[in-house]
Amino acid sequence: MASLKRKHLSEEKKDMISGYLYISPFFIIFLIVGLFPAIFSMYLAFQKWNGFSPMEFVGLSNFKVVLTDPLFWKSVYNTIIMGIFGTAPQLIVGIILASLLNQAFLRFKQFYRVTIFMPYVTSMVAVALVFSVLFSNQETSMANYIIGLFGMDPINWGTSEWGTKIAISIMVFWRWVGYNTIIYLAGLQSISNDLYEAATIDGASKFQQLRFITMPLLKPFILLTVFTSTVGALQLFSEPTVFLGNNAFTRNEAMTIVMYLYRDAFRLQSFGTASATAIILMVLIVIIATINLLLTSGTSVRERGERK
């Protein structure tokens with residue numbers, strides 16, 4: 001019996017070791033490209049370092065430099081403005097498109113779903129080429145032609161303050177609206193048709209079904225997309241850099257927080273202030289995540305109170 005028990009334990013240990021070996025690549029990669037850079041960045045935030053010379057401890061000086069830099073606050077302003085313009089419309093349009101794609105009478109649903117989702121997987125180089133043509137500074141560009149139909153003067157999309165922000169926001173909207181649409185579509189398809197049939201029998205209108213059935217059951221998906229879109233907006237980098245090209249880091253109209261961080265680190269070789277900016281950005285993301293969590297908790301408490 002003792003030998004059988006020892007054999008059984010050894011088999012369990014082998015299975016355990018085998019399981020850890022299977023999942024170890026993820027943790028190894030996470031330690032190398034995730035945890036170590038994060039910890040090292042926190043360490044660098046209190047150092048003065050250009051990547052070559054010895055590090056010099058400067059305390060909170062890097063945070064003071066960043067927080068007193070007008071360009072940093074300009075990047076915060078740009079990030080918030082382009083985040084609102086680029087993400088808020090896509091959430092509303094995403095729900096509308098998902099509702100249309102969920103209709104039983106719609107034909108070629110798979111084709112429309114793939115078409116709407118296609119911008120999300122499109123190369124940023126291709127996106128940059130398309131939008132550089134659509135929003136070129138020439139009077140004959142498509143964007144200037146469209147606004148000219150409404151009697152508006154041509155806009156220099158690549159140089160003007162609001163023209164640049166609007167063009168980049170439209171690029172963000174175009175690229176991510178399909179992603180949110182697919183998430184909302186999955187949420188709509190998870191709602192049982194029996195609920196709508198029962199509501200119809202009870203005499204509920206379409207608006208009442210939308211208000212009391214669709215929106216409450218879709219709320220977790222809405223909160224997810226609001227959270228991910230908000231975090232993504234705070235980390236906006238690819239769209240402004242590919243749209244403005246070589247002028248992205250020399251112009252302030254579309255400078256975002258991540259672009260400010262990148263400029264300090266890889267153009268000015270000031271890794272200390274770049275790391276301080278990264279920590280400030282992390283704090284902003286944590287605040288937004290906390291607000292989303294509080295909104296979710298508040299919704300759950302109210303729903304439990306209404307049931308009572």
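**Ground rules.** I number residues from 1 along each chain as its sequence is written, and I use heavy atoms for side-chain values, leaving out hydrogens and water. As the model is predicted, local features need pLDDT of at least 70 and side-chain atom pairs count only at pLDDT 80 or more, while totals for chains, interfaces and linings use all residues.

**Entry 1, cores.** I looked up the nonpolar cores, meaning sets of buried Ala, Val, Leu, Ile, Met, Phe, Trp, Tyr and Cys residues joined through side-chain atoms within 4.5 Å. Buried is under 20% relative accessible area, exposed is over 50%, and partly exposed is in between (1.4 Å probe, protein chains only). The largest core has 36 residues, and Phe 72, Phe 135, Ile 168 and Phe 243 have the most contacts inside it. Helix 12 (residues 271–307) gives the largest share of this core, 5 residues. Helices here are DSSP runs (H or I, at least four residues), numbered from the N terminus. I also noted a second, separate core of 9 residues, with Ile 116, Leu 185, Leu 188 and Ile 222 among them.

I then listed the neighbours of Phe 135, taking contact as heavy atoms within 4.5 Å. Leaving aside residues up to four places away in sequence, Phe 135 touches Ala 143, Trp 157, Ala 167, Ile 170 and Phe 243.

I took axes as lines fitted to C-alpha atoms over the stretch in contact, with angles from 0 to 180 degrees between N-to-C directions. Helix 8 (residues 193–201) packs against helix 9 (residues 206–234) at about 165°, and their axes are 11 Å apart. The two helices are therefore roughly antiparallel, a label for angles over 145 degrees. From helix 8, Leu 195, Tyr 196, Ala 199 and Thr 200 make the contact, and from helix 9, Gln 209, Ile 213, Thr 214 and Leu 217 do. Ala, Val, Leu, Ile, Met, Phe, Trp, Tyr, Cys and Pro count as nonpolar, Asp, Glu, Lys and Arg as charged, and the others, Gly among them, as polar.

The axes of helix 3 (residues 70–101) and helix 11 come within 8 Å and cross at roughly 145°. Leu 71, Phe 72, Ser 75, Val 76 and Thr 79 of helix 3 meet Ile 257, Tyr 260 and Arg 263 of helix 11. This contact divides into 5 nonpolar, 2 polar and 1 charged.

I found Phe 249 in the loop between helix 10 (238–244) and helix 11 (257–267). Phe 249 is buried at 13% relative accessible area. Outside four places in sequence, Phe 249 touches Phe 237, Thr 241, Met 255, Met 259, Tyr 262, Arg 263 and Arg 267.

Gln 269 sits in the loop between helix 11 and helix 12. I noted a positive phi of about 50° for Gln 269, which is not a glycine. Gln 269 is partly exposed, at 34% relative accessibility.

Arg 175 is in helix 7 (residues 161–189) and is buried, with a relative accessible area of 15%. Beyond four places in sequence, Arg 175 touches Pro 119, Tyr 120, Met 124 and Glu 239. Val 231, in helix 9, is buried at 14%.

Terms used. Angles under 35 degrees count as roughly parallel, over 145 as roughly antiparallel, 65 to 115 as roughly perpendicular and the rest as oblique.
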